[in-house]
Amino acid sequence: MKLTSGELESGVLSDENLESARMHLLVRGYIVLEGVLDREELDGIRARFTELLGEHADRTDPSRGASRYGMPLPFTPPFATTTVVANPLVLGLVRSILGDDVVCSFFASDTPLPGSDYQHAHSDSKPLFPEKDVTVPPFGYVVNVPLVDFRPDNGPLEIWPYGTHMIADTALIPVAEFHDIEARRESAVGRFSEELGPRPLLAEAGSIIVRDIRMWHRGTPNRSTEPRPMMSMVYNRPWYHHGTVEIDEQLFGELPDQVRTLFRTAVLR
Ligand SMILES: O=C(O)CCC(=O)C(=O)O
């Protein structure tokens with residue numbers, strides 16, 4: 001969704017764009033807000049990210065399939081700025097569906113390196129009520145910040161935006177597990193996900209992707225020569241937790257109110 005300069009400056013979506021973005025999230029399960037972060041801020045984030053990823057990859061094996069790193073991020077600038085973690089455009093949209101009391105319970109990143117492979121289609125959350133085939137209203141959104149353009153050749157995220165976030169049959173929900181990746185591809189759900197066909201999510205750096213935590217998606221092979229870094233956060237209703245965000249206690253006390261509120265369930269160190 002292209003935003004007007006007025007929306008970008010005020011941090012408030014017009015009534016029309018808010019309604020449209022909400023419909024995209026509710027029906028298709030995702031929306032891309034274009035041009036939210038400026039180049040200068042992105043350059044700073046990417047530069048520090050590249051240093052951290054190099055150190056991380058030297059001491060850790062890939063955690064999300066071949067040559068694909070899920071790397072935690074320190075809750076400090078240049079990553080944890082108000083623009084990134086409490087972006088008013090993103091929060092306005094997310095709160096309009098999840099309620100004003102959302103929390104952020106996950107702060108990390110996903111990076112396929114050259115040599116990465118397809119993941120199997122997966123949802124980022126387990127069924128909330130595994131004993132019942134029920135679908136419930138949205139309870140969490142993943143917010144992804146591409147730090148480079150997502151191009152067809154550099155391992156863009158692929159998504160199944162056909163209502164896969166609203167599937168009620170718990171047997172059909174492919175939860176993210178990467179130890180049995182091949183078996184899952186051969187499963188009925190794996191075959192069906194191929195038949196249905198995913199869509200590459202091409203997005204320019206500076207865009208922010210908001211997607212229902214349940215929507216099927218997968219990582220794809222990065223065939224370029226550079227990493228394809230992306231920040232990943234989860235905003236959710238306060239009773240759901242996706243992970244643990246760790247924040248330095250002193251820094252937490254100094255955060256602007258709107259950020260501290262969002263991270264009120266963080267573990268202070
Ligand atoms: O790296 C990506 O593009 C997607 C990663 C992902 O979905 C995952 O590891 O759960």
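How many nonpolar, polar and charged residues does the lining of the largest pocket have? Keep that in mind while you set up the view. The model is predicted.

**Stop 1: the largest pocket.** Select Arg-64, Phe-106, Asp-110, His-122 and Asp-124. Of the 28 lining residues, these lie nearest the pocket's centre. By class, the lining has eleven nonpolar, ten polar and seven charged residues. The volume is about 380 Å³. Now colour three strands: β2 (68-72), β3 (103-112) and β9 (230-236). Each gives the lining at least two residues.

**Stop 2: the largest cavity.** Searching the whole structure for cavities of 30 Å³ or more turns up one. Centre on Pro-127, Val-134, Ile-167, Ile-173 and Arg-214, which lie nearest the middle of a 19-residue lining. The space inside is about 190 Å³. Ten lining residues are nonpolar, six polar and three charged.

**Stop 3: the largest nonpolar core.** Show Phe-75, Val-85, Phe-107, Met-231, Met-233, Tyr-235 and Phe-263. Within this core of 51 residues, they have the most contacts.

Zoom in on Phe-75. Beyond its neighbours within four places in sequence, its contacts include Ala-80, Val-85, Phe-107 and Phe-263. Val-245, Glu-246, Ile-247, Leu-251, Leu-255 and Val-259 are also among them.

**Stop 4: the second core.** Select Tyr-30, Val-32, Met-215 and Met-230. They belong to a separate core of ten residues. In soluble globular proteins, nonpolar side chains tend to be buried together.

Terms used: Residues numbered from 1 in each chain as written. Predicted model: local features only at pLDDT ≥ 70, side-chain atom pairs only at ≥ 80, totals over all residues. Heavy atoms only, no water. Core = buried A, V, L, I, M, F, W, Y, C linked by side-chain atoms within 4.5 Å. Buried < 20%, exposed > 50% of the residue type's maximum accessible area, 1.4 Å probe, protein only. Contact = heavy atoms within 4.5 Å. 1 Å grid on protein atoms, 1.4 Å probe; cavity = no way out; pocket = protein on both sides within 12 Å on 5 of 7 lines; lining within 4 Å. Points joined across faces, edges and corners; volume = space filled by probe spheres on them. Helix = DSSP H or I, 4+ residues; strand = E, 2+ residues; numbered from the N terminus. Nonpolar A, V, L, I, M, F, W, Y, C, P; charged D, E, K, R; others polar.
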